[in-house]
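This briefing goes through a structure topic by topic. The sequence and the coordinates come first, followed by short notes.

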Amino acid sequence: MKRLLLLVLLPVTAAAADEGQIRLKEGAGRELVESNCAVCHSLDYIQTNSPFLDRKGWEATLSKMVNAMGAPIPKEDVPMIVEYLSQYYGK
Amino acid sequence: MNRRNFLKGVSSGLVLGGAGLVWPRMPLAVPVSMGPAELPAGTLEASLLEALPGKKPLIKKTFRPPNYETPVAYFNDLYTPNDAFFVRYHVVNIPEVAAQPWKLKLGGEALQTPVELSLDDLTRSFERVELSAVCMCAGNRRGLFQPHVPGVQWGNGAMGNARWVGVRLRDVLNKAGVRKDAVEVVFDGADSGIAAYKTPDFVKSLPMWKALDENTLIAFEMNGAPLPHWNGFPARLVVPGWAATYWVKQLTSIDVIAKPFEGFWMKPAYRIPIGKFPNVDRFITQETAVNTPITDMVVNSLITNIEEGQRFRPGQSVDVKGMAWDGGYGIRTVEVSLDEGQSWRPATLGQDIGRFAWRQWSYRFKPARRGKLTVMAKASNRIGQTQTADLILNPAGYHHNLIQKATIQVG
């Protein structure tokens, strides 16, 4: 079966999922990534864009976020963020 | 059951199956597809069924800005229900806009008389126009590109077909008077980025010829009801045939300008390489030597009622259903192949509800033998374009119109 099928065996209840439930992978730099990236967008942007970007790809993404989207990421934080994303959400 | 499946369970009551959609009264074992297996693994893991206020559970791609796609089972209907219509935002501040005191401001240096219109002005002062049209995100199926490209990793559901009611943008502009030096029309909505960081506001422009096309509307109704908040209440642009990036929601201002608009979401965003795609519509004032804004949609189709790997009994008839659409030239044929593309047979086309809408199709057959069988579908339009056998790669992952495939299991 090529498509993902998930068996759900639960009654229907009213409980909304929200971005607060997103947990990025444990690792050096996680808190730095969360505090910088979540200022502007939910962290599922990282999860969903994985695992197919290499280091260069994540560098380009960081550069777009800072230069085009105005992300207020301190220059000194960028290498650590790229390192975390490449290691835990890279290919 | 792991945490992710639990979340999917509690956030949805939706049962997706080949036959359509039902709401269970009792706990049921239901297959919930988060999209094709070709999507990035991280996309499938992070996806869940989640209902925004006023919406049915849709496939959540990202929470903030909200990007939610429609489960494909809804596309078995000719019109996509408003509460199941996909949601796509680029920036995070999305105000609830009330019908009053909402005003649409028309201006710009190439408009003779600046004017402000209330919703009543808009609905009462101009001819009411109704048309059916596909609204499809430029990046629909981006997640199916190989190799993957960054962006919202859409599967097949960043689209829908609706009956739109509104007034012609042309009538509104002409009443205010368009000057001869007009080059583009610029559209802004109520949504905005984070001001402190100067996140680029989502602002789009159209060439004059498309803005003045008789089918380009300022719409305020969708499928017989006011636009849902998430789809642009109280008024949005409808640009039939063109990618939904131009269908600006929650319109607040329209400016007619005398030189090409420069904004992030026009350049460098939403660009395709020059000469790679068979598009007809050009946006010349925005073209560069290497790229051009995306314009009309390429001819395309989707199989809507077969789950990948679905089992059929030997001797049982298989009804394949789907829909096909293009940039507004009209679908001429949809063909189906059961032999890996060696031979093609015409599918039966459904009702023609207009050249900008999607066209339903169906094909019935009895599999000749047991085993795996790949069903392929290919649409062609009235100007002779057809779906592609090889994906046309481009940096942002637009115009995915590969010949469609679904594999079934007989016996």
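**A buried tryptophan in chain B**

B:Trp361 counts as buried because 25 other C-beta atoms lie within 10 Å, where the cut-off for a buried residue is 20 or more. The model is predicted.

**Surroundings of B:Trp361**

- B:Trp361 sits in strand 26 of chain B, which covers residues 359-365.
- Once neighbours within four places in sequence are set aside, the contacts of B:Trp361 are B:Gly322, B:Met323, B:Ala324, B:Val334, B:Ala347, B:Thr348, B:Leu349 and B:Gly350.
- One of these contacts is B:Ala347; B:Ala347 and B:Trp361 are 14 residues apart along the chain, and their C-alpha atoms are separated by 6.2 Å.

**Domains of chain B**

- The domain assignment divides chain B into domain 1 (3-88), domain 2 (103-293) and domain 3 (300-410).
- In the contact between domain 1 and domain 3 of chain B, domain 1 supplies six residues and domain 3 supplies nine residues.
- On the domain 1 side of chain B that touches domain 3 of chain B, three residues are nonpolar, three are polar and none is charged.

- Five strands of chain B form an open sheet in the order 9-8-17-12-13, and the pairing is mixed.
- Strand 9 (115-118) and strand 13 (203-207) of chain B are the edge strands; each has a single partner strand, so one side of each has no neighbour in the sheet.
- On average, and with direction ignored, neighbouring strands of this sheet are turned by 20° against each other.
- Strand 12 (residues 184-189) of chain B pairs with strand 13 of chain B in the antiparallel sense, over five bridges.
- Opposite B:Glu184 stands B:Pro207, which belongs to strand 13 of chain B.

- Strand 27 (residues 371-381) and strand 28 (residues 404-410) of chain B run antiparallel and are joined by seven bridges.
- B:Thr374 has B:Thr407, in strand 28 of chain B, standing opposite.

**Strand 14 of chain B and its partners**

- Strand 14 (residues 217-222) of chain B is largely enclosed by the rest of the structure, because five of its six residues are buried.
- Strand 11 (residues 159-168) of chain B pairs with strand 14 of chain B in the antiparallel sense, over five bridges; B:Gly166 has B:Ala219 in strand 14 of chain B as its bridge partner.
- Strand 16 (residues 236-238) of chain B runs antiparallel to strand 14 of chain B, and three bridges join them; B:Leu217 stands opposite B:Val238 in strand 16 of chain B.
- Strand 15 (residues 225-226) of chain B is also antiparallel to strand 14 of chain B, with two bridges between them; B:Glu221 has B:Pro226 in strand 15 of chain B as its bridge partner.
- Strands 14 and 15 of chain B form a hairpin with two residues between the strands, and B:Asn223 in that hairpin takes a positive phi near 50°.

- Chain A has four helices and one strand, and its elements run β-α-α-α-α from the N terminus on.
- Chain A has 91 residues, of which 31% count as buried.
- Among the contacts in chain A with a separation of 6 or more, 69% come from residues 24 or more positions apart.
- The axes of helix 1 (residues 30-37) and helix 4 (residues 78-89) of chain A come within 9 Å and cross at roughly 110°, so helix 1 of chain A is roughly perpendicular to helix 4 of chain A.
- Helix 1 of chain A brings A:Arg30, A:Leu32, A:Val33 and A:Asn36 to this contact, and helix 4 of chain A brings A:Met80, A:Ile81, A:Tyr84 and A:Leu85.
- By class, the residues of the contact of helix 1 with helix 4 of chain A are six nonpolar, one polar and one charged.

Definitions and conventions. Residues are numbered from 1 along each chain as its sequence is written. Chains are lettered from A and ligands numbered from 1 in the order in which they are written. This is a predicted model: local features need pLDDT of at least 70, side-chain atom pairs count only at pLDDT 80 or more; totals for chains, interfaces and linings use all residues. Domain bounds come from an automatic or database domain assignment. Two residues are in contact if their C-beta atoms, placed from the backbone, lie within 7 Å. Ala, Val, Leu, Ile, Met, Phe, Trp, Tyr, Cys and Pro count as nonpolar, Asp, Glu, Lys and Arg as charged, and the others, Gly among them, as polar. A residue is buried if 20 or more other C-beta atoms lie within 10 Å of its own, exposed if 12 or fewer, and partly exposed in between; C-beta atoms are placed from the backbone. Two strands pair if DSSP finds at least two bridges between them. Axes are lines fitted to C-alpha atoms, for helices over the stretch in contact, and angles run from 0 to 180 degrees between N-to-C directions. Angles under 35 degrees count as roughly parallel, over 145 as roughly antiparallel, 65 to 115 as roughly perpendicular and the rest as oblique.
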